[in-house]
Amino acid sequence: MQYNPEELDEILNIFKSESEEIIQSLNDGFLLLEKIPEDKTPLQKLFQLSHSLKGAARMLGFNSIQDIAHKLEDILSFWKKEDVVINIDAFQEIYEVCDLLLLLVGRCVEQKSNYSDEQVMTFI
């Protein structure tokens, strides 16, 4: 579907705003999970947030965001398994992923197209 420039700018601004909120909620949820990793209650909400980000990115063709959000979903699915103990050291990498997602949202919106570089490729 083709959008006129004003429509596209509005869509991208909405995407940016909502994505930034999602990423902040992801960070907040991971902080909560990090404090009590044996309480897996936040995992479903974190999964839903990742899924929402993935879907929104897919609709705009922002494949780098979509791919990283999908990898985050995979990690969360693995962590939801009853016999998995969440490694506390993994959280530093998770926060780096959230920072990268935030950067990608800004770059993709700025360029109005997908953005990727070597750092992105290490996470995909």
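A: A nonpolar core is a set of buried Ala, Val, Leu, Ile, Met, Phe, Trp, Tyr and Cys residues joined through side-chain atoms within 4.5 Å. Buried means under 20% relative accessible area, exposed over 50%, and partly exposed in between (1.4 Å probe, protein chains only). This is a predicted model, where local features need pLDDT of at least 70 and side-chain atom pairs count only at pLDDT 80 or more, while totals for chains, interfaces and linings use all residues. Residues are numbered from 1 along each chain as its sequence is written, and side-chain values use heavy atoms, with hydrogens and water left out.

Q: How many residues does the largest nonpolar core have?

A: The largest nonpolar core has 34 residues, and those with the most contacts inside it include Leu26, Phe30 and Trp79. Helices α1, α2, α3 and α4 each supply at least two of its residues, with α4 giving the most, eleven residues. Helices (H or I, at least four residues) are DSSP runs, numbered from the N terminus.

Q: How do I read a helix such as α1?

A: Compare its span with the expected one, which is 1.5 Å times one less than its number of residues. Helix α1 (residues 5-35) has 31 residues and reaches 45 Å from first C-alpha to last, close to the 45 Å expected. Its buried residues include Phe15, Leu26 and Phe30, and what covers the buried residues of α1 includes α2 (42-60), α3 (63-80) and α4 (90-111).

Q: Which residues is Leu26 in contact with, leaving aside neighbours within four places in sequence?

A: Contact means heavy atoms within 4.5 Å. Leaving those neighbours aside, Leu26 is in contact with Leu46, Leu49, Ser50, Leu72 and Cys98.

Q: How many disulfides does the structure hold?

A: A disulfide is a covalent bond between the sulfur atoms of two cysteines; here the cut-off is a pair of cysteine sulfur atoms within 2.5 Å. The structure holds zero disulfides. For Cys98, the nearest cysteine sulfur, that of Cys108, is 16 Å away. Cys98 is buried, with a relative accessible area of 0%.

Q: Is Glu73 buried or exposed?

A: Glu73, found in helix α3, counts as buried because its relative accessibility is 3%. Its side chain is joined to that of His51 by a polar contact of 2.7 Å. A polar contact is a pair of N or O atoms within 3.5 Å; within protein, one must be able to donate a hydrogen and the other to accept it, and residues adjacent in sequence count only if both atoms are side-chain atoms.
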